[in-house]
Amino acid sequence: MHAYANPARFLAIARPLTPWLLGLGTALLVVGAWAGLVLVPGDYKQGETARILYVHVPSAWLGMGGWTGLAVAGLVQLVWRHPLAGIAARAIAVPGMLFTALCLATGSIWGKPTWGTWWEWDGRMTSMLILLFLYAGFIALTKGEEGGRQGWALPRGAAVYALVGAVNIPIINRSVVWWNSLHQGPSITMRGSSIDGALLWPLGLTLLGFSLLFGAIVLMRMRRIIADNRVTARLQRMADEEV
């Protein structure tokens with residue numbers, strides 16, 4: 001892991017990898033969305049409204065996965081002082097928050113015709129809303145800290161915040177099991193899937209496509225933060241030389 005702590009080594013991998021992730025993710029997303037919207041039949045119970053799962057499920061996955069990445073970055077920052085951990089956390093926060101918001105929006109759109117309401121304060125929706133607020137809090141904690149030396153590391157409070165906030169991830173995952181909920185139970189588990197195979201395969205494509213795009217966005221944001229930090233550090237050195 002520390003072999004890639006050097007930003008130059010990281011950039012040597014990130015630069016060529018980014019367009020591959022972007023291109024492959026876009027291709028998978030287009031094919032999966034076309035199959036989910038046009039090719040496969042509607043659900044026998046929910047009809048055409050079930051097609052929103054091809055966006056809703058990947059959004060939920062990446063909202064939760066994004067915070068898991070934040071927590072890992074916070075742990076690496078606190079324990080190993082890895083110089084890229086703080087940059088990775090900052091790069092993950094905004095797209096993670098956007099996918100969480102997309103999950104809540106698509107869930108509400110699906111809920112109106114299915115449940116007859118845009119919102120219900122059940123365990124799953126409430127814990128997902130808390131995740132959105134957690135993202136907002138993390139972004140607020142780190143805002144204005146980029147640039148110069150501070151841009152290479154998270155504030156200690158932000159790293160601890162990321163770790164503590166991770167407690168919400170298993171709550172989101174198990175909420176439909178622990179509490180009575182309008183949400184259906186887990187559809188995909190280690191024992192299999194309750195989703196018909198004819199509807200399931202496009203979900204795999206959109207899930208992988210969105211995940212690759214998420215990775216590309218994170219790499220692009222990390223590269224931008226590194227570039228900004230270098231510019232800030234160079235300007236600071238020039239100012240110090242003039243004094």
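1. Of the 243 residues in the protein chain, 41% count as buried. Please keep in mind while reading that this is a predicted model. The protein chain exposes about 13200 Å², and carbon and sulfur atoms supply 67% of that area.

2. On the overall architecture, the secondary structure amounts to seven helices and two strands. Following the sequence, you will find them in the order α-α-α-α-α-α-β-β-α. It is also worth looking at how the chain comes together over sequence distance: among contacts with a separation of 6 or more, 79% are between residues 24 or more positions apart.

3. Helix 2 covers residues 53-80 and helix 4 covers residues 123-142; their axes come within 11 Å and cross at roughly 45 degrees. The two helices are therefore oblique to each other. As for handedness, helix 2 passes helix 4 in a left-handed crossing.

4. Which residues of helix 2 and helix 4 meet? From helix 2 come Ala60, Leu62, Gly63, Met64, Gly66, Trp67 and Leu70, while helix 4 brings Met128, Leu131, Leu134, Tyr135 and Phe138. Sorted by class, the residues of this contact are ten nonpolar, two polar and no charged.

5. Helix 6, residues 168-178, also packs against helix 2, at an angle of about 155 degrees and with the axes 10 Å apart. Angles over 145 degrees count as roughly antiparallel, so helix 2 is roughly antiparallel to helix 6. Here too the crossing is described by its hand: helix 2 passes helix 6 in a left-handed crossing.

6. The contact between these two helices involves Met64, Trp67 and Thr68 on the helix 2 side, and Ile169, Ile172 and Asn173 on the helix 6 side. By class, the contact of helix 2 with helix 6 has four nonpolar, two polar and no charged residues.

7. A last point concerns Leu37, which lies in helix 1, residues 7-39. Is Leu37 buried or exposed? With a relative accessibility of 56%, Leu37 counts as exposed, because the cut-off for exposed is over 50%. The C-alpha atoms of Leu37 and Pro202 are separated by 9.3 Å, although these residues are 165 residues apart along the chain.

Terms used
Residues numbered from 1 in each chain as written. Predicted model: local features only at pLDDT ≥ 70, side-chain atom pairs only at ≥ 80, totals over all residues. Heavy atoms only, no water. Helix = DSSP H or I, 4+ residues; strand = E, 2+ residues; numbered from the N terminus. Buried < 20%, exposed > 50% of the residue type's maximum accessible area, 1.4 Å probe, protein only. Contact = heavy atoms within 4.5 Å. Areas by Shrake-Rupley, 256 points an atom, 1.4 Å probe, with all protein chains shown as cover. Axes fitted to C-alpha atoms, helices over the stretch in contact; angles between N-to-C directions. Parallel < 35°, antiparallel > 145°, perpendicular 65-115°, else oblique. Left-handed = near helix turned anticlockwise from the far one by under 90°. Nonpolar A, V, L, I, M, F, W, Y, C, P; charged D, E, K, R; others polar.
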